[in-house]
Amino acid sequence: MQIEKYKLEEHNHSLQKEHQRKFDFIAADIKDVNGLLQKLIDFQVAIPSWALGTGGTRFGRFPGGGEPRNLEEKIEDIGLLHALNRSSGAISLHIPWDIPENASHIKALAAQNGLKFDAMNSNTFQDQPDQELSYKYGSMQHVDKAVRKQAVDHNIEVVKYGLELGSESLTVWLSDGSCFPGQLNFRKAFQNTLESLQEVYAALPDHWKMFVEYKAFEPNFYSTTVGDWGQSLLYTSKLGKKAYTLVDLGHHLPNANIEQIVALLLMEGKLGGFHFNDSKYGDDDLTVGSIKPYQLFLIFNELVEGMDAKDMNHATDLGWMIDASHNVKDPLEDLLQSVEAIMITYAQALLVDRKRLAEAQNNNDVVTAQEILQQAFRTDVRALVAEARLRSGGVLNPLSVYRSEKVRESLIKQRGSKTVATGL
Ligand code: LRH
Ligand code: MN
C-alpha cells in the first residue's frame with residue numbers, strides 16, 4: 001500500500017510551524033547541527049521479515065488482520081515504513097520463512113521501495129516438512145555428523161539466496177544446547193559447532209561477514225552452545241576476520257552490563273551488529289526503548305565512543321537490525337516506534353560532550369561524568385530526528401500519518417482479516 005505524496009506533504013505542512021519552533025530551539029545549542037542531521041539521515045535500520053505479522057507465544061496468538069501473505073507484501077509493508085520515516089531502508093530475510101522464489105523480481109521490488117537486503121538468517125531451530133534429519137537434539141552441535149552436514153548445507157544455501165539479492169552477511173543463531181545436566185558433552189558440542197561453522201565460513205564470499213548470535217537460554221533451558229558473548233567471541237576469533245559477534249539485546253541474563261560487552265567487542269574489532277528490542281524478563285522481543293531506554297542510551301554512548309575511537313562509519317560498519325515480536329501491538333506501529341526509539345537514542349549519544357566526559361573520567365569526577373551523560377539523555381531530541389526525516393523526504397510524525405491514513409484498515413480490506421504472515 002502506498003500513501004499519496006501530496007498527503008505526506010499536507011501532513012508536514014500542517015505541523016511545520018510547531019516543528020520549526022522546536023527545531024530552532026534545540027539547534028541553537030548544537031555546534032554542527034547539519035553534521036549531526038546528516039548522521040541521522042545516513043543511519044538505516046533493517047526491518048526483520050519475520051516481524052511483519054502478529055507474534056505469539058505458546059499460550060496464544062491474536063492476529064490483527066491484513067498481515068502480509070508473501071514476501072512481496074512484506075517488502076511493500078517495509079516500503080511503507082520507509083516512506084514515512086526514511087530510516088528503514090533495509091530488510092533482513094529469514095530462510096525458509098521468506099525464500100525469494102524469483103530473486104531478480106524480489107530485488108527489483110525492494111529497489112522500487114528504496115530497500116536493500118541486510119543480513120540473511122538461517123534456521124536450524126525448526127524441522128521443515130521435507131527435512132530428512134531432525135534438529136531435536138541440535139544442529140551444528142549434533143552427535144550425528146549427518147545432522148551437522150544438513151545444517152551446514154542449509155547455511156550455504158542461505159548464502160546463495162543472499163548473493164542473488166545483494167546481501168553481504170549471514171546471521172547464524174543456533175538454538176542448540178541441552179535441557180538437562182548430563183545430556184550434552186559441552187566440549188564436544190563446542191568442537192562440533194566450531195567445525196560446522198568453519199565449513200560455512202569457508203563457503204562465504206570474500207566480502208561477506210558472518211554474525212554469530214549468542215543467547216543465554218530458550219529453547220534449551222540448561223545450556224546453550226553459543227550461550228554468551230564470551231563463547232561467541234571464542235567462535236568468531238577461531239573462525240577468522242569475516243566472523244563477528246551479534247548482540248541481541250534480549251539474549252542476556254538479568255542485569256547483564258550490555259554496554260560494557262559492546263565496548264569490549266568493539267575494542268576487539270569483533271562486534272558485527274545488533275538485534276534491537278527490549279525486555280523486562282527474558283527474550284521478550286518488546287518494542288525498542290519501551291522498558292529500559294536508559295540502558296539503550298548507555299549502549300549507544302559506548303557505540304559512538306568506540307566507533308569514533310576506531311574511525312568507523314556509523315551508518316555502514318555495523319549491522320543495525322530490529323528483532324522483535326508483536327503480541328499486542330499493530331506490527332507496523334510497533335516497528336515505527338522501535339525505529340523512532342533507535343534514532344532518538346543515537347541522536348542523544350551524538351550529543352554527549354566527549355571531551356568533558358574524558359576529563360571527568362581522568363579526574364575520577366564521578367558526579368560530573370554522570371551529569372554529562374544525563375544531560376544528553378535528558379535532552380529532547382525528537383525535533384532533530386523529525387528534521388532529519390523531513391530533509392530525507394519523510395514525514396514529521398510517521399505514527400499519526402499511519403493512523404490518519406487508516407493503513408491497517410486498508411490492508412485488512414486488501415488482504416483479509418485472517419491472513420497470517422510467516423515468522424515467529
Ligand atoms: C532467537 C532470535 C534469532 C532469530 C529469531 C527469530 O531468539 O533472536 O535472531 O533467528 O529470534
Ligand atoms: Mn535475534
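First, the ground rules. This is a predicted model, where local features need pLDDT of at least 70, side-chain atom pairs count only at pLDDT 80 or more, and totals for chains, interfaces and linings use all residues. Residues are numbered from 1 along each chain as its sequence is written, chains are lettered from A and ligands numbered from 1 in the order in which they are written, and side-chain values use heavy atoms, with hydrogens and water left out.

Let's start with ligand 1. Which residues surround ligand 1? They are W50, H94, F125, W173, E213, K215, D248, H251, H275, D283, D323 and L424. To be near the ligand, a residue needs a heavy atom within 4 Å of it. Now the polar contacts, meaning pairs of N or O atoms within 3.5 Å; within protein, one must be able to donate a hydrogen and the other to accept it, and residues adjacent in sequence count only if both atoms are side-chain atoms. The side chain of E213 puts an N or O atom 2.7 Å from a ligand 1 oxygen. For H251, a polar side-chain atom sits 3.1 Å from an oxygen of ligand 1. D323 has a side-chain N or O atom 2.7 Å from an oxygen of ligand 1. On its own, ligand 1 has 300 Å² of accessible area, and the protein covers 97% of that. Those areas come from the Shrake-Rupley method with a 1.4 Å probe; for residues, only the protein chains shown count as cover.

Helices (H or I, at least four residues) and strands (E, at least two) are DSSP runs, numbered from the N terminus. Strand β12, residues 271-276, pairs with β13 in the parallel sense over four bridges. Two strands pair if DSSP finds at least two bridges between them. H275 stands opposite M321 in β13.

Now look along β13, residues 319-322. G319 and M321 point one way, W320 and I322 the other, and all are buried. Buried means under 20% relative accessible area, exposed over 50%, partly exposed in between (1.4 Å probe, protein chains only). In a regular strand, side chains alternate between the two faces of the sheet.

Next, the aromatics. The whole structure holds 17 aromatic pairs. Rings of Phe, Tyr and Trp (its six-membered ring) pair if their centres lie within 6.5 Å; planes under 30 degrees apart count as stacked, over 60 as edge-to-face, the rest as tilted. F190 and Y235 are stacked, 4.2 Å centre to centre with 20° between the planes. That pair links distant parts of the chain: F190 is in helix α6 and Y235 in helix α7, 45 residues apart. Both F190 and Y235 are buried.

What about F217 and F221? Their centres are 6.4 Å apart and their planes at 45°, so this pair is tilted. F217 is partly exposed because its relative accessibility is 32%. F221 reaches 57%, so F221 counts as exposed.

Last, the backbone. Which peptide bond ending at P96 is cis? The one from I95, with omega near 15°. P96 lies in the loop between β4 and α4. The bond from E218 to P219 is also cis, with omega near 10°. N255 is not a glycine, yet has a positive phi of about 70°. N255 is exposed, because its relative accessibility is 80%.
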